[in-house]
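Subject: A structure for you, with notes

Hello,

I am passing a structure on to you, and my notes on it follow below. Please open it alongside this email and read the two together.

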Amino acid sequence: MTGSPASAESAAANTNAGRSLLASNGGFTVARDFSLENILGENPDQVQHPRLNGATATGWDEEAPDRPVLDGFCVECEDQPAQVLCETCSDAYCEVCFAAQHRKGTRKRHAVKPLAEQKPEKKAKIDDKMDVENPAANGATADSDDESDDGDWERVTASGHSMASEVLGPQPAIGSSVGDWFFERSKYIPMRLTLGERKYLRLLEAALTVSEYTDKIDTIGFGLSKAKRIVQQIRELCAIMSGLLISADYKQGQELFSSKDFHANADFYQAIFELGRRHKIMNPDKMRSTYGKLIYLLQDSQSPEVKELLSFSCVKPIKTVYTILEEHNALDLLRDDLITIATKEIYSEGRSRREVQRDIKSKELAIERLSAKYHRHGLPQEQVRQCLYSIGDNHAFLRANRDPCERMIEYLKEYFHPTQAKDSKSSLSIRSGRSGARLTHDHSKQYAYVLQSLTLWREILHDMFRLWSLAEQDLLSENISYRLRDTGQGLNRVQAAPKTSRMMQTILQKAQRSVGTWIGSSVIHMGDHNVPNALMFIDKYTQIYRILLPICNTLSQIPKLTSVPALRSYIDDEFGTMDNLYREILGDFFRHGFDGSGADNFFDAGSCIDGRLTSAWNWCNMLEKKRYFHVFLLTGFVGFDGEW
């Protein structure tokens, strides 16, 4: 069957449109047709779609064009005021970016000049301990995530930048002056949910459980526009919550349905979404399958186009202890020295019943005195107690998440020597290629590497509430858009997180100064295929206690096992002594929980900041193959994702 003359003319026109003149080194050449053969040929760049007409092609995953840096801002992060000038680089940096870019190599010897404050200048060092045998080490200008950085021992100077003052120290001791510790920390401590708010929390979780928000939004489809799909899903979720509210509170549910206007009920929906975020921050092990939907929904609702179609905003600030007290002019409560007793955590391990009861009574008395002293109109005593309980919840979070890092550091120092190993069982040395290790460290280097990793985890968890607050600010920012990209683990929202990244750099500097040396890479993955956005970053580090707490609990239960004659005989026959069992468990974890393994390829683990946690998870997956696994089972171990 032959085609019509009109079809032939149309085909000829398309063929002619598919050809164009392209400039080359020797003159003008005719480009080849837009066909699969030419696209897969030797010069695919010369093939251009006829509809472009010379325009540059762009896509949904194209990088944003480079913009000039504004005067007075850091040349690296571009969003913080410049504070120092590197005279060698002729660039202005903020303190955090300068410390990150001039941490090692020849850049460490660059002369720096303060811009705002007059501080003593750092003179350029010339021929100061230059490595003659390894010139590449002297010329390192940037951190690398590969194994080449693992051999560099870096001595961290004691003179840090003022950014480190942003990281608060440990909690003031009972009876000492609290100063501004509680004042600063309460800015990021969410308020504990009341009984009435918990009813609405269950309503929100039920609605999010049945919602298919991410399945319908984070896809590449050809139906409605993405903004219209987002609005449709948000309204559907709000309608589900309204329906559930009728079954829980018929009167209030009728009020919502009477107007049938989402904009008129914006305050209700904002409050529901806010208490879900608040509950998740206080309880990271809750809402594990629904919080991601919630934060992605709120992230999409911040788009100007979605706001216009939705006619209201779904986001409101988190209700914190600081905001409640500031609203009622009661911030002096946070500087009262009695607050350390009113918010202390009472534990019973190794203590008599009388001591525990005495601490309970003293805590209750302190709470009553503070609530009676600082209550006022609009701030009843019960709400003051709620503020104190919320601060106490923060201490409980630190004990469950941060303290296992402290205990593991104590185990490391107790059972292993910093520089010399007594025998092969006490050696922490690892070699690349053996037992899955990707790094090569001798005993002393691995000891320091483990110590600095645990120290960094401790500092991160100490400021986790602040990091979470900054992460939500980055995720819910109206000015930072995300790109849906395939990161190798499915489609993910890749979004920059400047505030979270900056805080992490500050925490990293504090950890580097506290240990004195730094081994390996200091690259912090954020907004790339390893850690696509701030939500993934937060989720990664809230899992640390799931790794360390079961190990600490198992080690603490071993003395009880030895009290049973049959189990003591098993331990003596299999491991020799109880100390040998401790060394075998700890030694294996310190070696292969920090050996750079666990990634699918050679580039995504190693000694970078996030790769250290990847290695620890990989060790957890291998626990069942260890010969001491039966000891874990005897102490009540059920898994790294269970209840302890």
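How many residues lie between β7 and β8 in the hairpin that they form? There are 4 residues between them, and Gly488 in the turn has a positive phi of about 95 degrees.

Before going further, a word on the ground rules. This is a predicted model, in which local features need pLDDT of at least 70 and side-chain atom pairs count only at pLDDT 80 or more, while totals for chains, interfaces and linings use all residues. Residues are numbered from 1 along each chain as its sequence is written, and side-chain values use heavy atoms, with hydrogens and water left out.

Helices (H or I, at least four residues) and strands (E, at least two) are DSSP runs, numbered from the N terminus. β7 pairs with strand β8 (residues 491–494) in the antiparallel sense, over 4 bridges; strands count as paired if DSSP finds at least two bridges between them. Across the pairing, Arg483 stands opposite Val494 in β8.

Next, helix α19. This helix has 12 residues and reaches 16 Å from its first C-alpha to its last, close to the 16 Å expected at 1.5 Å a residue (the expected span is 1.5 Å times one less than the number of residues). Because 10 of its 12 residues are buried, α19 is largely enclosed by the rest of the structure. Here buried means under 20% relative accessible area, exposed means over 50%, and partly exposed is in between (1.4 Å probe, protein chains only). Among the buried residues of α19 are Phe465, Trp468 and Leu470, and also Arg466, Glu472 and Asp474. Their cover includes α10 (266–282), α11 (291–301), α16 (381–401), α18, α20 (498–515) and α21 (534–541).

A nonpolar core is a set of buried Ala, Val, Leu, Ile, Met, Phe, Trp, Tyr and Cys residues joined through side-chain atoms within 4.5 Å. The largest has 139 residues, and those with the most contacts inside it are Phe273, Leu334, Met408, Trp457 and Phe590. Helix α18 (residues 443–462) gives the most to this core, with 10 residues. Phe273 touches Leu204, Leu237, Cys238, Met241, Leu294, Leu297, Leu298 and Cys314, leaving aside residues up to four places away in sequence; contact means heavy atoms within 4.5 Å. A second, separate core of 8 residues includes Cys74, Cys94, Cys97 and Val112.

Finally, the charged pairs. A salt bridge is a side-chain nitrogen of Lys or Arg within 4 Å of a carboxyl oxygen of Asp or Glu. By this rule the count comes to 27 salt bridges. One of them joins Lys307 and Glu478, at 2.6 Å from N to O. That pair links distant parts of the chain, with Lys307 in helix α12 (residues 304–310) and Glu478, 171 residues apart from it, in the loop between α19 (464–475) and β7 (483–486). Lys307 is partly exposed at 23% relative accessible area, and Glu478 is also partly exposed, at 48%.

Lys373 forms another salt bridge, with Asp336, where the closest N and O atoms are 3.3 Å apart. Lys373 is exposed at 54%, whereas Asp336 is buried at 14%. Glu197, Glu274, Arg278 and Lys319 are linked in a network of salt bridges.
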